[in-house]
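Dear colleague,

I am handing over a structure to you with this email, and I would be glad if you opened it before reading further. My notes on what was found in it follow below.

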Amino acid sequence: MDFTPTEEHSAVRELAGQIFGDLSTHERLAAAGTGTDAELWKAVCGAGLVAAAEEVGLLGLVLALEEQGRTTAQVPFAASCVYGVLALAAHGTAEQRERLLPALREGSAVATGAFPASGGHVRATVEGELTGVVPLVPWLRDATHVLVPDEERRLWLVRVADAGAEAVETTAPWSAGRLTLDGSRAERVGGAAAYEDVLATARTAFAGLQAGVCAGSLARAVRHTTTREQFGRPLSTNQGVLLRAADAYMDTEAIRVTSYEAAWRRDEGLRYGTHALTAAWWASEAGTRVVHAGQHLHGGLGADLEHPVHRHFLWGRQLDAYLGCGGELLAELGELIVAEKLAEKAKGRPSAEAADRGEGVGV
């Protein structure tokens, strides 16, 4: 892929960087507590960043989410774009898109997802009534709609008003909640392949968010170690500090590059399931290392719950496990690679050739 962003991608990234940089300050984040910054969300939607996700694709969204991650801005930007705008644009019917997308674009409606479908906790009837409990759904307290996979991995869109939502506090301030479905009415979204595509899209998007969280954590650590002196010289002159920061930088770049590639492949209509899992693995494993390094390089200040770097640590750890932790992702990646190899062998076609031709578009 060509890593040079298009003019549209650059414009989205710059706009997101300006909005999040100006409005997502430490003081506003502290005032928001564990909830969403309503004024910031209004500014994000008013600037057209949510609506732009359809036009600039997943790669453009990843670039914008990096900017959110740098400041740990408390808005449901990733969730509403992935589980709402992009999911409906790719898998919704013409009627669903016409009815639901305008409100999602302008922010008067907010979507989130009860992902992944672990354990098959939700059952669906042929009439479209859902029953089950999802213990933790990020940004549920902000949402008007929830994209829910059932035990057979079919996707259903549920209005929060038709279900039960109970606030749940987590270490990361994501306005999370517990979703209870008791015969709740729902509408089907997409076909058999929709679940895998939305999950891969979500993993790629949240890997991009993790890249920003790590970049923000590392930037704070660099500022601290270059201005803090010990024994008459900056901490950054110590070899141990330099090596730790260098490792964190390389890990952050690995998350960024793999998320870019997965997003680009989706936008180009190429297979990207393995690439999304690779990006998610880096976001989980490397992301944990980076946010730990950022906290450790702050010394005693890193243990202060009120210090801004601690927020990066909390976000990094939450994103580490949100859509599958490292070991789970590796196991899933291995199974997917084997399945693809067997399928391509049955067709009598080499793996690389099949990927280059874009056959079996999707995950």
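**What was found**

The model is a predicted one, in which local features need pLDDT of at least 70 and side-chain atom pairs count only at pLDDT 80 or more, while totals for chains, interfaces and linings use all residues. Residues are numbered from 1 along each chain as its sequence is written, and side-chain values use heavy atoms, with hydrogens and water left out.

Some terms come first. Helices (H or I, at least four residues) and strands (E, at least two) are DSSP runs numbered from the N terminus, and two strands pair if DSSP finds at least two bridges between them. A residue is called buried under 20% relative accessible area, exposed over 50% and partly exposed in between, with a 1.4 Å probe and protein chains only.

Which strands join β4, and in what sense? Strand β1 (residues 111-113) runs parallel to β4 and is joined to it by three bridges, with Gly113 standing opposite Leu147. Strand β5 (residues 155-159) pairs with β4 in the antiparallel sense over five bridges, and Val148 stands opposite Trp156 there. Four of the five residues of β5 are buried, so this strand is largely enclosed by the rest of the structure. β5 also pairs in the antiparallel sense with strand β7 (residues 177-189), over four bridges, and in that pairing Trp156 stands opposite Arg188.

**Backbone details to look at**

β4 and β5 form a hairpin with five residues between them. Arg153, which is found in the loop between these two strands, has a positive phi of about 60 degrees although it is not a glycine. Arg153 counts as partly exposed because its relative accessibility is 40%. Ser175, in the loop between β6 (164-167) and β7, also has a positive phi, near 45 degrees, and is likewise a residue other than glycine; Ser175, however, is buried, with a relative accessible area of 2%. A further detail is the cis peptide bond that joins Phe115 and Pro116, where omega is about -10 degrees; Pro116 lies in the loop between β1 and β2 (123-124). As background, most residues other than glycine have a negative phi, and most peptide bonds are trans.

**Two leucines elsewhere**

Is Leu297 buried or exposed? Leu297, found in the loop between α9 (273-296) and α10 (308-322), is buried, with a relative accessible area of 11%. If residues up to four places away in sequence are not counted, Leu297 touches Ala221, His224, Thr225, Val241, Arg244 and Ala245, where contact means heavy atoms within 4.5 Å. Leu297 and Val241 are 56 residues apart along the chain, and their C-alpha atoms are separated by 7.1 Å.

Leu218, in helix α7 (residues 194-227), counts as buried at 11% relative accessibility. Leaving aside neighbours within four places in sequence, Leu218 is in contact with Ala245, Ala248 and Tyr249.

**The chain as a whole**

How many helices and strands are there in the protein chain? The protein chain has 12 helices and nine strands, and buried residues make up 52% of its 363 residues. A compact globule of 363 residues would have a radius of gyration near 21 Å, and the chain, at 20 Å, agrees with this; the radius is taken over C-alpha atoms, and the globule rule is 2.2 Å times the number of residues to the power 0.38. Along its principal axes, the C-alpha trace spans about 70 × 50 × 40 Å. Among contacts between residues at least 6 apart in sequence, 77% join residues at least 24 apart.

With best wishes
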